[in-house]
Amino acid sequence: MGRLSAKFDYEEIRNARILENRARLASLGLHKTLSDLRSVTSPAKSVKSSVRKPSRIDYSGTPLRRSSRLMKVSTTESPTGHDSLRRSIRLKGVSRSRDLISLPQGKEDVSEKNGGEEKRPANMPLVEVEASQAQLSPEILIRRCDSKSRGSVYSPIFGICCHFCRQKKLCGEEGCKRCGNLDVNEPCIGKTDCSVCHSSNGVLCRACLKVRYGEEMEEVRANKNWMCPHCIEEKGIKLNWICNSSLCLKKRSMVPTGIAIFRAREMGYESVAHLLMDELQQKMKRSHC
């Protein structure tokens with residue numbers, strides 16, 4: 001009871017002080033002053049401006065805009081009956097014009113042998129450019145052979161992309177007629193070609209061939225039956241011998257190895273492919289246990 005009475009006494013004293021303070025403020029006129037200050041300092045309510053909706057423009061009556069390059073292209077119908085705007089002569093269905101890169105005398109286009117049935121090697125793709133582009137400056141010719149492993153001159157037109165490092169460079173081989181003379185009907189001797197698939201999967205430069213698979217370019221060129229890792233795996237010639245490029249490893253849901261040649265050589269392996277082959281074999285043994 002003593003605690004309750006003390007609480008009620010505190011509340012009565014508090015309420016009495018509140019009333020006393022209010023009366024004192026009213027006698028001084030401070031309530032009016034505070035209301036005036038609040039009206040001055042409070043920001044005015046912004047008037048909502050009506051949002052203007054963009055008007056829809058009807059373009060049905062206006063002609064379509066086309067680039068000047070496409071407007072100059074002839075709109076001759078392709079054999080399928082549709083107008084072709086593609087730049088590729090092959091996709092237009094038109095016979096290839098010989099005013100692009102003339103073939104050397106006495107040579108025949110590989111793709112036209114036997115009625116076009118023979119497939120061009122992957123290290124000898126056909127390039128159709130103007131004759132003015134089929135020449136290299138003396139500075140580039142000198143700098144081309146600075147790096148024999150991967151080449152030192154990037155060429156988006158005549159360069160052949162390596163499947164592993166994906167560098168589209170002219171090779172650094174001194175006797176390469178394709179990269180030295182830009183002869184499109186000569187194979188690049190600095191890039192490999194699979195004897196089975198003839199696809200871009202089998203195109204490797206000298207450095208990637210040695211580091212990733214432990215093979216020499218001279219041995220591959222001498223072996224007319226050389227096969228890429230994809231075809232070796234498909235035919236089951238060598239167990240767990242797989243392509244270790246980042247693209248192919250990601251397709252297998254495997255983490256790309258990165259620069260693994262130093263680790264492979266420290267462990268006594270000839271190349272990264274030999275290291276991966278051993279690791280996959282050990283993994284298979286553990287799974288069977």
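Reader: How do the residues of the lining of the second largest pocket divide into nonpolar, polar and charged?

Author: Happy to take you there, and bear in mind that this is a predicted model. The lining of the second largest pocket splits into 8 nonpolar, 5 polar and 4 charged residues. That lining is made up of 17 residues. If you want to find the middle of the pocket, look for Asn 123, Asp 193, Val 220, Arg 221 and Lys 224, which lie nearest its centre.

Helix H7 covers residues 206-213 and helix H12 covers residues 272-288, and their axes come within 4 Å and cross at roughly 30°. Angles under 35 degrees count as roughly parallel, so H7 is roughly parallel to H12. On the H7 side, the residues that touch are Val 211, Arg 212 and Tyr 213, and they meet Val 272, Ala 273 and His 274 of H12. Sorted by kind, the residues of this contact come out as 4 nonpolar, 1 polar and 1 charged.

One last stop is about charges. The whole structure has 7 salt bridges. One of them pairs Arg 24 with Glu 20, with the closest N and O atoms 3.3 Å apart. Both of these residues sit in helix H1, which spans residues 2-28, and they are 4 residues apart, or about one turn of the helix.

Conventions:
Residues numbered from 1 in each chain as written. Predicted model: local features only at pLDDT ≥ 70, side-chain atom pairs only at ≥ 80, totals over all residues. Heavy atoms only, no water. Axes fitted to C-alpha atoms, helices over the stretch in contact; angles between N-to-C directions. Helix = DSSP H or I, 4+ residues; strand = E, 2+ residues; numbered from the N terminus. Parallel < 35°, antiparallel > 145°, perpendicular 65-115°, else oblique. Contact = heavy atoms within 4.5 Å. Nonpolar A, V, L, I, M, F, W, Y, C, P; charged D, E, K, R; others polar. 1 Å grid on protein atoms, 1.4 Å probe; cavity = no way out; pocket = protein on both sides within 12 Å on 5 of 7 lines; lining within 4 Å. Salt bridge = Lys/Arg side-chain N within 4 Å of Asp/Glu carboxyl O.
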